Amino acid sequence: MKMTGAQIVWESLLKEEVEVVFGFPGGAIIPIYDTLPEYPQMRHVLVRHEQGAAHAADGYARATGKVGVCMATSGPGATNLVTGITNAYLDSVPMVAITAQVARSVIGTDAFQEVDTTGITLPITKHNYLVLDTASLARVLKESFHLARTGRPGPVLVDIPRDVLAEATEYSYPEEVNLPGYKPVLEGHAAQVKRAAKMINEAERPLILAGRGVAIAGAHRELRELAEAGEIPVVTTLLGIGSFPESHDLSFGMPGMHGAAYANLAVDGADLIIAVGMRFDDRLTGRLSGFAPRAKVIHIDIDPAEIGKNVRVDVPIVGDARQVLGAVVKQILPRGHSEWLKQLGQWRDEHPLSVRECGGLLPQYVIRQIYEATGGGAIVVTGVGQHQMWAAQHCCYDRPNSLISSGGLGTMGFGLPASVGVKVGCPDDVVWCIDGDGSFQMTMQELGTIAQEKLGVKIAIINNGYLGMVRQWQGLFYERRYVATPLSGPDFVQIAAAYGIPGLRVTRREGVVPAIERALGEDGPFLIDFVVEPEEDVYPMVPPGAALAEVIEEPVRGEVAV
Amino acid sequence: MTSKHILVALLEDKPGVLNRMSSVFRRRGFNIENVNVIDTINLGDSSLTNLTRVTIVVSGSKAMVTQLKRQLEKIIDVVKVSEIPAEGEA
């Protein structure tokens, strides 16, 4: 059947079972939008800025496990996507970004709204395409979805000139892909699996370190089987949170720069680290030479380039986390590690994650109340900064993908647009966007999207009037020179009201619970502006350049800590 | 210990593929000392069609070059990367 390039785009998306696209139109992409009414089954969510489209597709993908799709026009539309695509790349999120390009005849002439989109996005995508032949469009889209969702997932960008979109060609969707250079290894090497199992069986103080790869592979059950079969405690990375139930007896939280002290001591004390679907990010490891100094390391990851990149590995296993864990667990001898668990329990009792006594409104208290009010049933989406770390520390996440946060790129402004995608993907879940006043102001125009789409996102702004994480570093390492971090904000409740979104401001402890209950009682969106203690810092903290065991637990007020 | 390494890569013969490859060298901080590019049609091996063969000389430690090789293999259009012994090696 003959179809235009624009029709082929929608037909291909339907073939890939895409239900929703987050996008923003512009001149070059009009042909795609012009044919959208022919596909009433396709939902399009109009964002207010293309960065929001990429973050929304990202949030949607993390929450549902499906490929998130965003689209934008040429030039500034494409460049505005860049931050969101990079965020997805760093956190291995499956995404297909479709951009329009100027017509083939003027490519390379610096035409109006022309940029080298594939050049710009080359280092931030798993792969990208410039489609110069309408007949290849269906194949390119087929390959894009395949690449985005298989192996180590990531964003794939497809740049389509406007005349390719307008041109008609014979359409058939390919059944298979032929990519000779792309063959992800799924099954772990049998001999390596055997070595790993032997090492686990012999370890006295083993520790599982689980990352986002567990959630991506859907390996939660296998992870739990391994932990329970060998009585092995589990810690998770920021993005691994929820891949093992945090209320489980074997769960010991998150290590790293703002991880629990007991989790850091666990890594320090272990004689075997079983790292699954994670990449030893510097925020997790602290100083590499001081990382897990007593431990041998088993590293299970689907990306061979991650093995041995940062940490020396004794047993590397390249493969899908679910398949590899499933194979390893079959060779695990049931045994206890009561001494080791007793030690970990003692560390947890001695170094709990606590909230200090304070007459004012503390951010940690607010976040704990949000958690209590939702009984742990909500999906929490965050921005980046202090509030993000408190949200990771002070809620107990038992379900996979129940904390959605920007890890590798640390993208301020991720929270609100990502929660758009999360709520679209999981309309029956309670979705809380816990954001900072700085992070929120970077993308708060997406309130317009939330209002237009009637998305019942609950927004909690942890408002301390500072770019708090930077201020914390200035306080600790720059003798309290708070340069460019005091931040005035608008009246957030009035901003919400202007979009037709109800809200409340809370300045005192007594107001917290009633406000949260009011928000949960509303069907639609609700915003709460929590005006919190301005100079509360995030602790524990492993200072940059320190080893995990050198974790600082208590604030050193007004002094340089290191 | 830094030494010379020779990497031979087979790439799909597509526009922009050399850019993808050289971008990894730039991004990971490697300096290309010598590069040779040939369409495999000129190699007279009928098993190699629609491919380009790139031979690159770089300096670095063994571990760094192993990391570079794995990063190159991640490029979708790169079919294969192998290291051949440099001059003076067995």
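1. Is Arg335(A) buried, exposed or partly exposed? Arg335(A) counts as partly exposed, at 28% relative accessibility. (Buried means under 20% relative accessible area, exposed over 50%, partly exposed in between, with a 1.4 Å probe and protein chains only.)

2. A note on the basis. This is a predicted model, where local features need pLDDT of at least 70, side-chain atom pairs count only at pLDDT 80 or more, and totals for chains, interfaces and linings use all residues. Residues are numbered from 1 along each chain as its sequence is written, chains are lettered from A and ligands numbered from 1 in the order in which they are written, and side-chain values use heavy atoms, leaving out hydrogens and water.

3. Arg335(A) pairs with Glu204(A) in a salt bridge, 4.0 Å from N to O. (A salt bridge is a side-chain nitrogen of Lys or Arg within 4 Å of a carboxyl oxygen of Asp or Glu.) The two residues are 131 apart in the chain and link distant parts of it. Glu204(A) is partly exposed too, at 48%.

4. Now the interface. 15 residues of chain A contact 14 residues of chain B, contact meaning heavy atoms within 4.5 Å. One salt bridge crosses between the chains. Lys74(B) meets Asp303(A) there, with the closest N and O atoms 2.6 Å apart.

5. Chain B also holds a salt bridge between Glu12(B) and Lys14(B), at 3.7 Å. Glu12(B) is buried, at 12%, whereas Lys14(B) is partly exposed, at 29%. Elsewhere, shared partners join Arg152(A), Asp303(A), Glu306(A), Lys309(A) and Lys74(B) into one network of salt bridges.

Terms used:
Helices (H or I, at least four residues) and strands (E, at least two) are DSSP runs, numbered from the N terminus.
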